[in-house]
Amino acid sequence: MPPVKTFGERIADALVEDGLLSRQQVEELLEQQKKEGTRLLKLILEKSYISDIDMVVSMGRVLKTPPVNLARMGIHPDVSALVSKELSLNHKILPVSRLDNRLFLAMADPLNVLALDDVKQTTKLEVVPLIASEKAIVDKINSLDSRSTSMQDIIEAQQQADLDSDVENLQLSQEPAEELSTDQLAASTEEGPVIKLANLILVQAVRDRASDIHIEPFEKSVRLRYRIDGALMDAQPPPKNLQVALISRLKIMSNLDIAERRLSQDGRIRMKVGAKDIDLRVSFLPTVHGEKVVLRVLDKSNLSASIEKLGMDDETLRRFRAAVDAPHGLLLVTGPTGSGKTTTLYSALNELNSPDYNIVTVEDPVEFQIPGINQVPVKKDIGLTFASVLRSILRQDPDIIMIGEIRDEETAEIAVEAALTGHQVLSTMHCNDAPGAISRLDDMGIAPFLISSSVIIACAQRLMRRICRVCREPVIYPPKMFQDLGIDPNVFEGVTLHRGRGCERCKDSGYSGRAAIIEAMTVSDEIRKLVIDRVSAMEIGKVAVKQGMKTLRMVALDKAREGLSTLEQVLVLTSAH
């Protein structure tokens with residue numbers, strides 16, 4: 001008699017039947033489950049093989065429970081109030097509608113008998129289970145919780161308050177914002193609308209998966225923008241007359257001086273949204289019409305736990321892992337600001353993190369705090385620079401060193417010296433491609449023979465926008481377009497290209513989420529000779545390609561062929577050579 005399959009295995013079989021998983025992927029996941037003891041369904045979602053929606057549909061089919069799309073569903077406040085927020089979050093459930101004596105309940109786990117009993121006992125109604133993803137339920141609970149505090153509510157409330165107190169008439173004779181006293185500023189930040197406004201802006205950024213928040217003052221208005229999947233998107237702006245109080249509130253949350261408005265300031269905010277721990281790096285910059293604020297959202301749940309989750313192809317992954325496993329040497333990741341370089345290094349550190357190693361990092365600032373790793377923040381104002389910290393680190397008997405960024409000759413010299421004296425050194429740099437990292441070190445004054453002996457791998461990275469899975473559709477381009485863009489049409493022979501049509505879920509952008517594309521150049525003996533001869537980065541790149549390196553353009557084209565991204569993204573992110 002064959003063994004009875006677990007619930008997770010039944011779902012996996014359904015996903016295979018639906019063409020969403022391959023049998024080989026399921027076998028690999030089952031092996032990983034045996035080693036780690038992690039739930040099979042959790043592993044499937046962690047590896048991003050399928051979306052939450054696909055999982056819900058397949059689970060509903062197996063359990064014979066109808067799936068529900070909460071993102072598109074309006075829920076009446078009287079219905080959601082039937083179950084307390086605490087109970088909803090505890091069981092990951094949410095009432096969605098009521099018909100006579102029946103209550104339709106969205107559940108992440110329709111087999112949760114305790115949740116069903118609690119709801120029946122609380123509501124005295126007959127419960128009809130529906131299935132939805134845990135993330136969709138938590139997001140909907142949070143959005144319902146703040147439904148009475150929208151930007152429009154705050155604006156309308158403030159307009160009414162202005163009318164009641166004749167603020168509009170007083171505005172003409174009011175002193176400029178710079179003349180407000182510290183006491184007045186502190187008092188204004190404690191007002192209800194200001195606190196609600198600041199919280200709303202931060203929470204909305206987390207819900208929309210924004211990486212940055214921009215609050216920009218102009219003469220008669222304030223602009224609010226979120227950077228989502230690399231693109232800046234306008235949001236409903238806050239009232240102009242709350243500008244100074246809002247910025248002061250953010251300064252208080254960042255533990256900064258609210259009286260100082262002439263100089264730039266940097267701070268940090270820590271907060272919890274739902275089950276997520278969020279860190280925000282905050283920067284204030286004085287402009288003509290007030291202080292501009294940019295908040296970088298650092299979501300720890302986005303930090304990859306392993307190198308495999310970075311989405312590299314097999315050959316690039318093999319090269320990168322060989323460098324990470326090397327006993328010593330310099331590993332460089334290059335790319336522009338916001339391309340995910342630091343996240344890639346953290347993923348490597350997560351795998352190296354072990355009681356056997358003394359791991360020390362020097363960063364400006366420390367973006368993610370990892371237990372077991374000694375992390376040192378740079379403080380230039382007191383002379384704690386990359387170079388000075390690195391000198392101290394080398395006296396701390398380190399095995400592995402991570403440098404947030406190599407910016408100058410002094411830091412580069414110490415990094416190379418450390419790599420040559422038996423330490424493993426990981427760092428980032430600003431340049432366009434992997435071979436360019438060699439030239440950048442040369443420009444900094446590092447001798448070519450030292451570069452060739454210390455660097456074991458140089459990588460270049462970009463973040464490529466993923467097509468939204470909900471509105472993904474095929475698209476056909478004319479052959480002449482490929483010729484004009486310098487792409488061989490045969491590259492896509494027999495392949496269907498896709499794009500996102502635009503929908504509510506992706507805010508009509510056609511994209512949802514981003515994936516890293518990485519080119520990895522292993523420094524072979526032949527390349528070492530070219531480095532010593534000071535051959536150009538272009539020539540080094542040609543040799544690296546002959547030795548099997550995939551350029552950023554090649555990796556991006558692979559993503560387009562696989563249907564993960566679009567041809568437009570290939571052209572935006574990568575150059576033809």
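Colleague: In which hand does H18 pass H22 in their crossing?
Modeller: This is a predicted model. Helix H18 covers residues 434-443 and helix H22 covers residues 537-546. The crossing in which H18 passes H22 is right-handed.

Colleague: Are H18 and H22 oblique or roughly parallel to each other?
Modeller: The two helices pack with their axes 8 Å apart, at an angle of about 140°. Roughly antiparallel would need an angle over 145 degrees, and roughly perpendicular one of 65 to 115. H18 and H22 are therefore oblique.

Colleague: Which residues of H22 make the contact with H18?
Modeller: On the H18 side, the contact is made by Pro435, Gly436, Ile438 and Ser439. The residues of this contact divide into four nonpolar, three polar and no charged. From H22 come Ala537, Ile540 and Gly541.

Colleague: Is arginine 319 buried or exposed?
Modeller: Arginine 319 lies in helix H14, residues 314-325. Buried means under 20% relative accessible area. Because its relative accessibility is 8%, arginine 319 counts as buried.

Colleague: With which side chain does the side chain of arginine 319 make a polar contact?
Modeller: Beyond four places in sequence, arginine 319 touches residues including Ile457, Met521, Thr522 and Gln547. At 3.5 Å, the polar contact is with the side chain of threonine 522.

Colleague: How many residues of helix H23 are buried?
Modeller: Helix H23 spans residues 552-561, and its buried residues include Leu552, Arg553 and Asp558. Among the elements covering them are strand E15, strand E18 and helix H24. H23 is largely enclosed by the rest of the structure, because its buried residues number eight of the ten.

How values were computed: Residues numbered from 1 in each chain as written. Predicted model: local features only at pLDDT ≥ 70, side-chain atom pairs only at ≥ 80, totals over all residues. Heavy atoms only, no water. Helix = DSSP H or I, 4+ residues; strand = E, 2+ residues; numbered from the N terminus. Buried < 20%, exposed > 50% of the residue type's maximum accessible area, 1.4 Å probe, protein only. Polar contact = N/O pair within 3.5 Å; in protein donor to acceptor, adjacent residues only side chain to side chain. Contact = heavy atoms within 4.5 Å. Axes fitted to C-alpha atoms, helices over the stretch in contact; angles between N-to-C directions. Parallel < 35°, antiparallel > 145°, perpendicular 65-115°, else oblique. Left-handed = near helix turned anticlockwise from the far one by under 90°. Nonpolar A, V, L, I, M, F, W, Y, C, P; charged D, E, K, R; others polar.
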